[in-house]
Amino acid sequence: WDPSPMSPVDSDAYRLLAATIRGVDPNILVAPYVVRGGTDARAVHGVSDNVYRFFMVRVNEKTIEQVHGINEHVEIDHYLDASRFYQALIERASAG
């Protein structure tokens with residue numbers, strides 16, 4: 001498969017995502033990066049140019065070891081933080 005196209009960082013969708021992330025924690029660095037490997041994004045680009053591969057989990061040495069490894073999981077606190085983030089994102093998006 002060909003790689004997914006780059007998603008714009010000068011769009012309203014990216015600004016909404018970045019503002020919501022900073023609303024959770026103003027110290028979080030919001031920056032684009034390259035996702036290695038295949039994702040489901042390749043199937044979604046036909047619907048929107050704004051396809052961001054993102055999961056609100058704080059990354060540290062422990063979480064890096066838990067991703068795609070033995071006993072892969074997300075810590076409960078991180079999962080709850082992610083749920084609160086997505087709720088805030090949906091509320092901001094629906095407010096216009």
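Biologist: How much space lies in the largest cavity?
Modeller: About 40 Å³. By cavity I mean a set of points on a 1 Å grid over the protein atoms alone where a 1.4 Å probe fits but cannot get out. Points are joined across faces, edges and corners, and a volume is the space filled by probe spheres set on them. Mind that this is a predicted model, where local features need pLDDT of at least 70, side-chain atom pairs count only at pLDDT 80 or more, and totals for chains, interfaces and linings use all residues. Numbering runs from 1 along each chain as its sequence is written, and side-chain values use heavy atoms, without hydrogens and water.

Biologist: Which residues line the largest cavity?
Modeller: M56, V57, R58, H78 and D81, where lining means having an atom within 4 Å of a point.

Biologist: OK, pockets now. How much space is in the largest pocket?
Modeller: About 1,600 Å³. A pocket is an open set with protein on both sides within 12 Å along at least five of seven lines.

Biologist: And how many residues line the largest pocket?
Modeller: There are 42, with Y33, V34, V35, R53 and F54 lying nearest its centre.

Biologist: Which elements give two or more residues to that lining?
Modeller: α1 (12-24) and α3 (61-66). Helices are DSSP runs of H or I, at least four residues, numbered from the N terminus.

Biologist: What about the second largest pocket, what's its volume?
Modeller: About 180 Å³. Its lining includes T39, D40, Y52 and R53.
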